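The exercises below ask you to read a protein structure step by step, each with a worked solution. Please try each task before you read on.

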Amino acid sequence: MGRFPKVVRCVLNEVDEMRKIYLDYAATTPVDPRVLKAMKPYFSEDFGNASSLYSMGQQARLAMENSRKRIAKIINSEPEEIVFTSGGTESDNLALVGVAMANKKKGNHIITSKIEHKAVMETCEFLEKQGFQITYLDVDKYGIIDLEQLKKSIKKETILVSVMHANNEIGTLEPIEEVGKICREKDIYFHTDAVQSFCKIPIDVKKMKIDMLSASSHKIYGPKGVGLLYVRTGVKIEPLLHGGGHESGRRSGTENVAGIVGFAKACEIANKGMTKEAKRLSRMRNKLVKGLLKVPNSYINGHPEKRLPGNTNFRFDFIEGEALILKLDIVGIEASTGSACSSKDLKASHVLISIGLSPKQAHGSLRITMGRYTKEKDIDYVLKNVPEVVSELREISPFKGKW
Ligand SMILES: Cc1ncc(COP(=O)(O)O)c(C=O)c1O
């Protein structure tokens, strides 16, 4: 605070004291104190390199392998099928580029959807520049892919299908079990970006016929900078990072032991309370939707039921989402207009455009995502404040009730 002039410090102090309601859990989550406690010894007491042969190194390896086993159990995979990475972005890159590089003799065609996270979209664009062909599947008004279009898009050169489990902006769930079945029948690899759904809704990689799955620790009350890629035994994949051959040669780099231990703890906590928490969040989500749809010219983005328990995404016509976010911040509500990573560039969200919104409609959207520390009274506060703020903004809006 010392770096700010006195007058600004006073304002910031007032802001500090004001009630803050964090409702951007899809962007990131705070580290659970139990996770922090589990991680702590691996920073300065048991700090050994997991590749070292002496006992402190072996202790670190043991902690890491134990974490791998515990995470594998949650998604019904084998421990050796889990590759630890630096997060969801790296996992998506490893899945797409790794499979493309290892299987280019078999074919150069990849299928994905139009609403993937940028970690998949931009990787596909990179692969296009390397000579791969990408088919981007359309989605309906709820954000769901068309399985018939998927079947028709498959050709003999197709090596990979990548369809996300839950969308990070609108929360819509994709029919990944059906996608897995189609891909397995055609002998094509299936990758799913499960960064938003992992440990929030059940995942069984065997039952869902998933060949690769990306997950990230910081979305589930674990530390930032750690994630995983599940790679089914037998999938041919080239590493992105070359070096000491860590993670069975699939991802070189000294392992982030504390992060991995924290990730495993976060997974266990979330998995244990999953059903109860999903019910609690769905109840609050439904209350929020019911309340905010009373605002004139407001709509819900995404599917009404097939969506993540803690995700809501609204569209308020005739206002700009960025102005709404800033005004809500003044009353202590922290929410978002789009995905965490793209909310800085003010381009209309590719997800909202793909579900059929005009750029103006897309700009008037608000994502409210709830999580472990969200209380019923926070929802009441939102239900009181959002309609007021929307109405104030509409009064000064240049659109004056029509686009
Ligand atoms: C669906 C999805 N995929 C990938 C990512 C990237 O994950 P990370 O922040 O761990 O790199 C995110 C993050 O917002 C996401 O929501």
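Helices (H or I, at least four residues) and strands (E, at least two) are here DSSP runs, numbered from the N terminus. This is a predicted model, in which local features need pLDDT of at least 70 and side-chain atom pairs count only at pLDDT 80 or more, while totals for chains, interfaces and linings use all residues. Residues are numbered from 1 along each chain as its sequence is written, and side-chain values use heavy atoms, with hydrogens and water left out.

**Exercise 1. A pair within a helix**

Find where K151 and E148 sit relative to one another, and decide whether each is buried, exposed or partly exposed.

Solution. Begin with the positions: both residues belong to helix α7 (residues 147-153), and because they are 3 residues apart there, about one helical turn separates K151 from E148. Next, look at the side chains, which meet in a salt bridge at 3.3 Å, N to O; a salt bridge is a side-chain nitrogen of Lys or Arg within 4 Å of a carboxyl oxygen of Asp or Glu. Side chains of opposite charge can pair when their charged atoms come close. Finally, apply the accessibility classes, in which buried means under 20% relative accessible area, exposed over 50%, and partly exposed in between (1.4 Å probe, protein chains only). K151 has 40% relative accessibility and therefore counts as partly exposed, and E148, at 42%, also counts as partly exposed.

**Exercise 2. Pairs elsewhere in the chain**

Describe the salt bridge between E247 and R68, and then the one between E157 and K156.

Solution. The side chains of E247 and R68 come together in a salt bridge of 2.8 Å, N to O. This pair links distant parts of the chain, since E247 lies in the loop between β8 (227-231) and α9 (257-272), whereas R68 lies in helix α4 (residues 55-75), 179 residues apart. Both E247 and R68 are buried. The two residues also belong to a network of salt bridges that links R61, E65, R68, E247 and E255. For the second pair, the closest N and O atoms of E157 and K156 are 2.9 Å apart. E157 counts as partly exposed because its relative accessibility is 26%, while K156, at 73%, counts as exposed. A search of the whole structure finds 23 salt bridges.

**Exercise 3. A buried serine in a loop**

Locate S252 and list the residues that it contacts away from its sequence neighbours.

Solution. S252 is placed in the loop between β8 and α9, and it counts as buried because its relative accessible area is 7%. If its neighbours within four places in sequence are left aside, S252 is in contact with L241, H242, G243, G244, G245 and H246. Two of these contacts can be followed atom by atom: the side chain of S252 reaches the backbone nitrogen of G244 at 3.4 Å, and a polar atom of that side chain lies 2.8 Å from the backbone nitrogen of G245.

**Exercise 4. Positive phi values**

What is the phi of Y221, and what is the phi of F318?

Solution. As background, most residues other than glycine have a negative phi. Y221, a residue other than glycine, has a positive phi near 70°; Y221 is found in the loop between β7 (212-216) and β8, and its relative accessibility of 9% is why it counts as buried. F318 is likewise not a glycine and has a positive phi of about 70°. The place of F318 is in the loop between β10 and α11 (321-330), and F318 counts as buried because its relative accessibility is 10%.

Technical notes:
A polar contact is a pair of N or O atoms within 3.5 Å; within protein, one must be able to donate a hydrogen and the other to accept it, and residues adjacent in sequence count only if both atoms are side-chain atoms. Contact means heavy atoms within 4.5 Å.
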